[in-house]
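The sequence and structure are shown first.

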Amino acid sequence: MIAGRHNFIMEQGSEFNRTILWKNSAGAINDLTGYTARMTIREQVGDGSAIDSLTSAGGEIVLGGTAGTIQLLLTSTVTAAFDFDRAVYDLELLPGGTEAEAFKLLKGHIYFQKEVTT
């Protein structure tokens, strides 16, 4: 499976809350029951350190089971600490939570709008 491409805009000091609906090529909703998910944000591909990592185990990613939804959540406190202009990310799903079956669902850029009023 080739990962889809989607870019996000994130605002410093604001909650980041996005919901993705995963459908197959026929338009049917994919069941995420039993899946786990992870997402890493880096300034550029290959950077050793991550800006942030989101996981379903950590609660920053909420999977909607039979609804096929993937909710990405970062608090305003978390985004207030970020200091980048543009970053890259990828979002991986792990069927049954197994590393061997992990696949990349989405990738792209995050454009970060820094806070003016603090």
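Apart from neighbours within four places in sequence, glutamine 12 is in contact (heavy atoms within 4.5 Å) with Thr79, Ala80, Phe82, Phe112, Gln113, Lys114 and Glu115. The model is predicted: local features need pLDDT of at least 70, side-chain atom pairs count only at pLDDT 80 or more, and totals for chains, interfaces and linings use all residues. Residues are numbered from 1 along each chain as its sequence is written, and side-chain values use heavy atoms, with hydrogens and water left out.

Glutamine 12 is found in the loop between E2 and E3; strands (E, at least two residues) are DSSP runs numbered from the N terminus. Its relative accessibility is 15%, so glutamine 12 counts as buried (under 20% relative accessible area; exposed is over 50%, partly exposed in between; 1.4 Å probe, protein chains only). The side chain of glutamine 12 reaches two backbone oxygens, as tabulated.

| Side chain | Backbone oxygen | Distance |
|---|---|---|
| Glutamine 12 | Alanine 80 | 3.3 Å |
| Glutamine 12 | Phenylalanine 82 | 2.9 Å |

Alanine 26, in the loop between E3 (16-21) and E4 (36-42), is exposed at 71% relative accessible area.

Notes:
Helix = DSSP H or I, 4+ residues; strand = E, 2+ residues; numbered from the N terminus. Polar contact = N/O pair within 3.5 Å; in protein donor to acceptor, adjacent residues only side chain to side chain.
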